Structure formats: C-alpha cells, structure tokens
Amino acid sequence: MAEPVTLKTPVGALRGVGPRVEERLQNLGIRQVRDLLFHLPKRYIDRTRLVPIGSLRPGDSALCQGTVELVQASTGRRRTLLCRISDGTGALTLRFFHFTRAQQLGLQQGMTLRCWSQQLRRVNHTLEMIHPEYWRVETGAETALEQTLTPVYPLTQGLSQFKLRDLTGQALTTLGADATGLSELLPARLLQQYSLLKLEQALRYVHRPPAQADLASLEQGAHPAQQRLAFEELLAQHLSLRQLRKTAQAQASFAIDSNAQGRLSAFLEQLPFTLTRAQQRVLAELRADMLKPAPMLRLLQGDVGSGKTVVAACAALLVINSGYQVALMAPTELLADQHYHNIKQWFSPIDIPVTLLTGKQPRRTREAALAQLDSAQPMVAVGTHALFQEQVAFGNIGLVIIDEQHRFGVDQRLALLEKGANENRQAHQLIMTATPIPRTLAMTLFADLDISTIDQLPPGRQPVKTTVISNARREAVIKRIHEVCKQGRQAYWVCTLIENSEVLQLQAAEDVREYLAEQLTGLTVGLIHGRMKPAEKEAVMADFKAGATDLLVATTVIEVGVDVTNASLMIIENAERLGLSQLHQLRGRVGRGTQASACVLLYQTPLSDNARVRLNRMRETNDGFAIAQSDLELRGPGEILGTKQTGVPELHIADFVRDAHLVPRVQQAADVILSQCPEVVNPLVARWLNTKIDFGKV
C-alpha cells in the first residue's frame with residue numbers, strides 16, 4: 001500500500017510527475033510538496049466571466065466565446081493560420097504563426113470555441129488574438145466557467161502553466177489532508193496586533209483567489225494574503241541575522257590595546273589633511289567596538305570621496321599597535337593597488353610594513369608576501385580575492401576589512417573571515433561600501449551589522465555639475481575636453497560595455513581612443529582597460545596622476561577607487577546603458593579636488609522611459625543616498641549594491657521596495673519572538689531560508 005502523500009513528501013510522488021518533470025521542478029527549487037505552496041503566482045487571469053466580443057478593445061485581456069465562421073491557412077514567406085469567430089455582438093480573428101496540420105483540421109466552420117488571450121490588437125479594423133489559448137465547447141452545452149482567478153506561475157523550460165496549476169492544486173488538497181500541515185508559527189498576539197491572516201488561509205487565497213478578489217491589489221502584491229506571507233518571510237530573514245549576530249558576539253575576540261590611541265594621534269598629526277567630524281565620529285565608533293571582548297561587526301558606508309579608506313587605515317593602526325595583523329580585501333587589482341599605495345604612503349613614515357597580494361604577481365614577489373603573512377609580524381596585507389586562497393596563512397590576524405563587499409560572493413567573504421579565526425577567537429570585521437544603502441534596505445539586509453555612515457565630504461569639495469547630452473552633439477563635447485585640458489586640467493572618457501564580451505569592449509575602447517587622439521591634436525590620450533597586465537595598468541595610472549596624460553579613455557574598470565584630484569571632467573558614453581549606482585560611482589572619479597568639476601552623460605536615442613528617469617535623476621542630485629533610493633525603486637537590491645550577487649538574499653515573496661513599510665513591524669515582532677517564544681525561531685528560519693542561512697555568517 002502506497003504511503004499517503006504529505007507536505008514533506010518528495011514532489012515526484014504526485015500524480016503526473018515523472019523523472020523529467022521532477023528534475024524541472026527542482027530547477028525551480030521545488031523538491032517537496034510543501035515547496036509548491038511557496039511557489040507563488042506572479043500574476044492572475046480572470047476567466048470567471050465571458051466578455052461579449054463586441055465590447056472588446058485593443059489591449060484587453062479577456063475570455064470570450066464564439067462560433068467559427070472561417071478557417072484559412074496562407075502559404076508563402078510566413079505561414080499563417082487564421083480563424084474568425086463571432087458571437088452576434090462582434091467578430092474577431094485568431095492568428096497562429098506556428099501550427100500543425102492536425103490543429104488546422106481540428107478547427108471547423110460552425111463549431112463553438114472558448115478563447116483567452118492577452119493584449120488584443122487591431123489589424124485592418126479587425127480585432128485579433130495572437131496564439132490564444134482555446135478549447136472547443138459543445139454546441140448547446142453549458143460549460144462551467146472557472147470559479148477562481150487563474151494563477152500564472154514563474155516557469156522553467158519544459159514546464160507548462162497547466163502542469164503547475166495541476167500540481168499546486170494537488171498540494172492544496174494535501175494541505176487540507178495532512179494532519180501535521182503547515183504549523184502556524186507566529187504567536188496569536190502578533191496575528192491579532194498586525195491583523196494578519198493565518199498562514200494556511202493566506203496560501204489558499206494567493207493560489208486560488210475567488211472570482212470577486214481585488215485583481216489590482218493582487219497584481220501589485222498588496223493584498224493582505226500576500227502581505228501576510230511577505231511579513232513572515234522578512235521576519236524569518238531578520239531573525240536569522242539576529243541569531244547569527246548573537247552567535248558571533250558570543251565568541252571571544254582580539255581586544256585592542258587601550259593605549260594604542262597615542263600612536264594613532266601621532267599618525268593623524270602627520271597627515272596632510274584633517275579628518276572631518278563625520279570621520280572622527282565613525283573612528284570613535286570603531287574604536288569603541290574593538291575595545292569590547294566581542295568581535296566588531298560593522299558596515300561603514302559613505303558616498304564616493306567621503307574618506308572611508310583613511311578611517312579604515314586608522315582602525316588598522318589601532319589593531320597593529322595592539323600586536324595583530326590586518327587584511328584588506330578589494331574587488332579589483334586596480335583598487336587593491338590604490339589602497340596599497342595610499343596605506344603604504346601613510347604608514348611608511350611610522351615603519352609599519354604593508355604588503356600587496358594579487359593573483360597576477362611574479363612568483364618571487366608572491367612568495368615573499370606569503371612568508372610575511374605567515375609570520376606573526378603586525379602588518380597590513382592588501383589584496384584581491386587572492387587573500388583567501390588556500391596557500392595564504394595569516395599568523396595573527398585581528399581585523400578583516402572588506403571593501404565594496406557586495407562584489408564578493410558569500411563563499412569568498414566567508415573564506416577570508418575563517419582565516420581570521422585563531423584559537424577560537426574571531427577577528428574584527430569592517431565592511432565598507434561606497435554605495436550608500438537606503439535605510440529600509442540596510443535594516444533588512446544588514447540586521448547582523450552595526451552601521452556607521454560618513455555623511456560629510458572633505459572641506460572644499462564642490463558638487464559635480466552633471467549634464468545630459470545626445471550623442472549627436474559629440475563634437476561639442478570633444479571641443480569642451482580640449483578647452484578643459486588646455487587649462488591644465490584632465491579628463492576621463494568612459495566607454496561602457498557594448499556587448500557581454502571583454503574583447504568587444506576592448507576593441508570599442510581602442511577605437512574611441514584612436515578617434516579622440518585624431519580630434520584632439522596636441523593632447524596626450526591614454527587608454528586603460530581590464531585586460532591589461534597589472535604593471536601596464538599601474539604605468540598608465542601613474543602617467544595620468546603625474547599629469548603626463550591629458551585624457552584617459554577607460555572601460556568601467558575605473559568605476560571604483562581611482563583618485564586623481566586634477567581630473568575635473570568625466571564623459572560617460574552610452575550612459576543610458578548603466579544603472580544609477582554605477583553612474584554615480586563613475587561620476588565620483590571627478591570632483592575630488594577643490595576646482596569645479598563636471599560630468600557629461602552622452603546617450604543614444606531613442607531613450608526608454610526608464611533610461612530617461614535615470615539620466616534625469618543624475619542631473620538632479622549628487623546625493624548618493626537619494627541616488628541609491630531611486631536605484632532601489634527602479635532596479636532592486638541586486639543592482640543598487642552594484643551587481644546581482646550571491647550576497648543579496650533572494651526573496652520568494654517579499655519585495656524590498658514594495659514591502660519596506662513592513663520592516664519596522666518585523667523588527668518589533670522579532671523582539672517579541674526572541675523574548676517570549678524563542679523556540680519558533682529555528683522552524684521559521686528553516687521554512688523560508690533553507691540553505692541561504694550562510695549569508696548571515698559574513
């Protein structure tokens with residue numbers, strides 16, 4: 001006798017699921033019957049009522065019924081099958097570009113068809129449905145209409161909507177029959193306080209909304225049933241981060257020497273600039289953290305040019321003065337190289353060793369760096385992902401600094417952090433980002449971290465004036481470059497990615513350099529791109545910093561970290577292809593001195609509505625937080641943090657923008673659960689996060 005199907009039964013046990021369908025379901029993350037319940041519709045179709053053909057308009061989505069008047073197949077360059085139906089109120093044409101002989105023969109004059117299609121269109125004064133769903137209705141027979149809205153699910157290749165609807169129907173039946181069911185984990189107090197539906201009630205509603213459901217509310221994800229599920233998912237994620245923070249802070253750490261402040265004061269006095277009040281405030285927060293017996297877990301955010309690196313260097317100095325090593329990991333060799341040179345310049349006068357470790361160093365240089373790291377000598381190691389490779393061993397690490405943390409995958413960041421574990425002691429963590437993070441996103445994604453913000457630019461900095469110009473006015477832009485460079489200043493020309501190919505990108509950049517060199521006679525035009533060897537890139541940047549190059553043509557390799565104070569003009573070609581955060585990062589390469597600076601966004605017509613909004617936003621503000629909020633609303637968290645990375649947890653139901661209003665309630669609910677019913681934390685996290693819990697460890 002077969003075992004009864006429960007919510008924990010492998011999905012392969014359901015009716016109609018063979019090995020091939022089971023494999024395709026697993027591609028969607030559906031392994032158990034319960035997973036089908038959390039694979040929610042992305043939209044809905046209303047097939048609960050028939051619409052008279054005569055009332056249809058172009059753009060409508062509708063279910064209608066009519067008698068076949070004509071079937072005609074045309075041959076020629078593009079085969080087409082046309083079928084005209086009418087219901088006495090009007091007529092419309094069903095058009096098929098892909099059809100079989102059997103399908104053609106199955107459509108006969110006089111039969112009754114029921115059809116559904118999205119986006120009706122008008123062609124030659126006739127309404128048309130393109131490739132509609134249709135089925136035959138027996139003449140005179142009463143064929144029941146659907147009683148609920150029809151869900152449309154996210155699919156993978158080889159799975160149909162019909163199959164997923166059938167399987168979710170089976171899962172809903174099991175939900176009622178399984179005595180263990182999906183237990184309600186939220187306390188009754190919270191359900192009542194926030195007027196939340198019960199979990200089972202919410203799941204049934206979103207999979208099979210009644211005919212009278214508010215379709216607009218469902219399409220927006222704002223229906224109470226959807227909000228109930230989003231609330232629990234955000235709560236599970238928040239609890240996982242809170243628990244992981246608690247676990248991390250329970251570990252011993254490397255306490256810094258309270259007397260290390262003296263050497264830091266001497267270091268600050270020999271700098272050619274004074275820290276801003278915001279930098280001093282953040283440095284005090286870092287020092288207070290590292291004086292505690294628990295490891296520091298802090299995110300340092302600040303706009304481009306706000307001075308995060310020198311604050312990180314001060315934190316590093318406190319750790320080194322206490323007898324420990326520091327590792328600083330950067331996402332690109334260009335940025336790692338710049339951090340290395342800056343910190344070496346600052347630390348050389350006070351005899352603190354600084355070493356560089358990247359993947360493309362000569363063997364002898366690399367071996368010398370590895371030997372230095374393996375010793376217990378207090379020092380700073382700056383590097384790329386090469387820092388976390390297996391052969392790298394730290395003798396006595398006390399602080400891990402990760403710059404532009406979202407550009408590293410979870411496993412990479414975790415690998416470096418684990419190198420900081422020594423005798424059951426955990427290194428302090430400082431994570432830096434030049435992409436300001438909106439408050440609601442920070443509260444959601446970084447609940448395991450304390451957040452420090454440098455919200456002040458160094459004195460004398462002037463906002464960069466941004467203009468948006470069509471590529472048709474390219475010659476005027478080139479003339480402006482000539483004027484700026486003749487005044488002794490320098491400029492960038494950034495070529496954005498043309499195709500997803502470094503070769504094509506390189507070719508485009510070389511072509512632009514050659515063209516600009518011809519147009520700008522008397523000026524020196526350089527070129528930098530990602531395929532150059534480290535020594536070549538270093539030489540190009542050294543020439544540019546020294547003023548030997550007037551105009552630097554670059555790919556987006558210069559997006560982060562390049563600092564040339566004499567550069568006052570930035571041209572970004574094909575700016576409509578880039579997101580707001582990336583445009584803001586690129587713009588931040590100028591305006592780093594005291595002279596007025598400008599950024600020109602060159603675009604190709606026609607512009608999409610979304611691109612027009614982005615370019616206008618860049619023109620309106622230099623505020624990185626305002627830019628970040630707009631980018632979050634336009635493109636989501638994976639893009640605001642620079643790249644769609646594994647560092648951003650994928651949400652099944654909740655949406656970081658749409659559901660931001662839930663975050664304060666989620667934090668309050670987490671406090672209640674942790675204090676009054678901590679036993680439900682692990683089941684809640686397991687229900688929603690599964691393997692994604694490792695995200696919080698870093």
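Predicted model: local features only at pLDDT ≥ 70, side-chain atom pairs only at ≥ 80, totals over all residues.
I count two strands as paired if DSSP finds at least two bridges between them.

I began with strand order. Seven strands form an open sheet, and the order reads β13-β14-β12-β15-β17-β11-β18. The pairing is parallel. I then looked for the edges. They are β13, residues 354-357, and β18, residues 450-454, and each of these pairs on one side only. Neighbouring strands are turned by 20° against each other on average, with direction ignored.

Next I took one pairing in detail. β12 covers residues 325-329 and β14 covers residues 380-383. I found four bridges between the two strands, in the parallel sense. Which residue of β14 is the bridge partner of Met-329? I noted Gly-383.

**Entry: helices on the sheet**

Helix α13, residues 363-374, touches β12, β13 and β14. Its direction makes about 125° with that of β13.

**Entry: aromatic pairs**

How many aromatic pairs does the structure hold? I get five. I wrote up two of them.

One is Phe-96 with Tyr-134. The geometry is edge-to-face, at 5.6 Å centre to centre and 65° between the planes. The pair links distant parts of the chain. Phe-96 sits in strand β4, residues 91-96, and Tyr-134 in strand β8, residues 133-137. They are 38 residues apart. Phe-96 has a relative accessible area of 2%, so I log it as buried. Tyr-134 comes out at 26%, so I log it as partly exposed.

Another is Phe-267 with Phe-347. This pair is edge-to-face too, at 5.5 Å between centres and 75° between planes. Phe-267 belongs to helix α9, residues 261-269, and Phe-347 to helix α12, residues 333-347, so the contact ties together parts 80 residues apart in sequence.

**Entry: charges over rings**

I searched for arginines placed over rings. Arg-78 lies over the face of Phe-97, 3.9 Å from the ring centre. Arg-79 has its charged end over the ring of Phe-99, at 4.2 Å from the centre.

**Entry: cysteines**

I counted disulfides and got zero. A disulfide is a covalent bond between the sulfur atoms of two cysteines. I then went to Cys-64. It is in no disulfide, and the nearest cysteine sulfur is that of Cys-115. The cut-off I used is 2.5 Å. Both sites are covered. Cys-64 is buried at 0% relative accessible area. Cys-115 is buried, also at 0%.

**Entry: helix α19**

My last stop was α19, residues 580-587. This helix is mostly covered, with seven of its eight residues buried. I listed the buried ones: Leu-580, Ser-581, Leu-583, His-584, Gln-585, Leu-586 and Arg-587.

Conventions: Residues numbered from 1 in each chain as written. Heavy atoms only, no water. Axes fitted to C-alpha atoms, helices over the stretch in contact; angles between N-to-C directions. Contact = heavy atoms within 4.5 Å. Phe/Tyr/Trp six-rings, centres within 6.5 Å; stacked < 30°, edge-to-face > 60°. Buried < 20%, exposed > 50% of the residue type's maximum accessible area, 1.4 Å probe, protein only. Lys NZ or Arg CZ within 6 Å of the ring centre and 35° of its normal.
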